[in-house]
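Trainee: I have a structure open and would like to go through a few parts of it. Can we take it in short steps?

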Amino acid sequence: MSCKTSLKLFSRQVARVLNKKVHTSYGFVLNSQKISSIQGQKSLLEQDDFFDVKKLVDLKKLFDSRVHLGHHEGTWNPLTRPYIYGQRSTQLIIDLNQTVECLNCALNVLSHIVYNQGIILFISMNPRFDYLIQKTARDCEEYFITHGWQKGLFTNSPLKLGTQKLPDLVIAFNNSRFEKTRDAIIEASMCNIPVIGIVDTDCDPRLITYPIPANDDTYDSVSHLCDIFKQAILNAKLKRNELN
């Protein structure tokens, strides 16, 4: 599924919310005031880049941060073929034009969810990026999981977390088949939680709602992507405060 198609599906889901009485997954009905509030956002969703997310993504900065460097061909997952620009020696090169397009799409969705007070959860199981992911989440006052995934955290949340409230969006790093982040993505899919996922050339993008082809092993690359996500979240919260 392309990024543009994913964005269209997201807009249709919002449209369905706007056009009928909505029952949430927790068994109660949204009151008229809440529905009116949601309807007030319809015009925003129909605008192109209302949150100016395209200004956050610069192809040269992505290149300088080595976002384009994939894995060696021996670890390649054929499902990432559409995102590969070419190969240098044995190293695969990610098509940054597609990275820009996918980032713009994902950031647009992220911004709308944050604007509507959605909960964002950052997930990474790579110890090298623990502090970076935690700091990013804290800086934008969101949530993170970096020290191991406990199975059933989403699918059995009343027992595991003591609440039925789940995140509205997951941002997942290090999504190769060898990482435990994969278990979190599977559970998110089972619970209909959309996932923005960094997809390196060794990853399986099929369960990721908004895949972003990018290098997920280099600190410079992950740090730059974290900065982009953080700024998008902060901008959406600022916009919400200005308009409400």
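Trainee: Which residue in β8 does Ile 196 stand opposite?
Mentor: Ile 196 stands opposite Tyr 210. Keep in mind that this is a predicted model.

Trainee: How many bridges join β7 to β8?
Mentor: Four bridges join them, and the two strands run parallel. Strand β7 covers residues 195-199, and β8 covers residues 210-213.

Trainee: What about the two faces of β8, covered or open?
Mentor: Both are covered. Tyr 210 and Ile 212 are buried on one side, and Pro 211 and Pro 213 are buried on the other.

Trainee: Next, where is Asp 202?
Mentor: Asp 202 sits in the loop between β7 and β8.

Trainee: Is Asp 202 buried or exposed there, and why?
Mentor: Asp 202 counts as buried because its relative accessibility is 9%, and the cut-off for buried is under 20%.

Trainee: Which side chain does the side chain of Asp 202 have a polar contact with?
Mentor: That of His 71, in a polar contact of 3.4 Å.

Trainee: Changing topic: how many salt bridges does the count come to?
Mentor: The count is nine salt bridges. One of them joins the side chains of Lys 60 and Asp 64, at 2.9 Å from N to O.

Trainee: Where do Lys 60 and Asp 64 lie?
Mentor: Both are in helix α4, residues 59-64. They are four residues apart, which is about one turn of the helix.

Trainee: And how exposed are Lys 60 and Asp 64?
Mentor: Lys 60 counts as exposed because its relative accessibility is 57%. Asp 64, at 46%, counts as partly exposed.

Trainee: Which residue does Asp 204 form a salt bridge with?
Mentor: Its partner is Arg 206, and the closest N and O atoms are 2.7 Å apart. Asp 204 is buried, at 14% relative accessibility, whereas Arg 206 is exposed, at 63%.

Trainee: What about Lys 165, which residue does its side chain meet in a salt bridge?
Mentor: The side chain of Asp 168, at 4.0 Å from N to O. Lys 165 counts as partly exposed at 39% relative accessibility. Asp 168 is partly exposed too, with a relative accessible area of 29%.

Trainee: Last one: which residues are linked in a network of salt bridges?
Mentor: Lys 135, Asp 139 and Lys 230 are linked in such a network.

Key
Residues numbered from 1 in each chain as written. Predicted model: local features only at pLDDT ≥ 70, side-chain atom pairs only at ≥ 80, totals over all residues. Heavy atoms only, no water. Buried < 20%, exposed > 50% of the residue type's maximum accessible area, 1.4 Å probe, protein only. Pairing = 2+ DSSP bridges. Polar contact = N/O pair within 3.5 Å; in protein donor to acceptor, adjacent residues only side chain to side chain.
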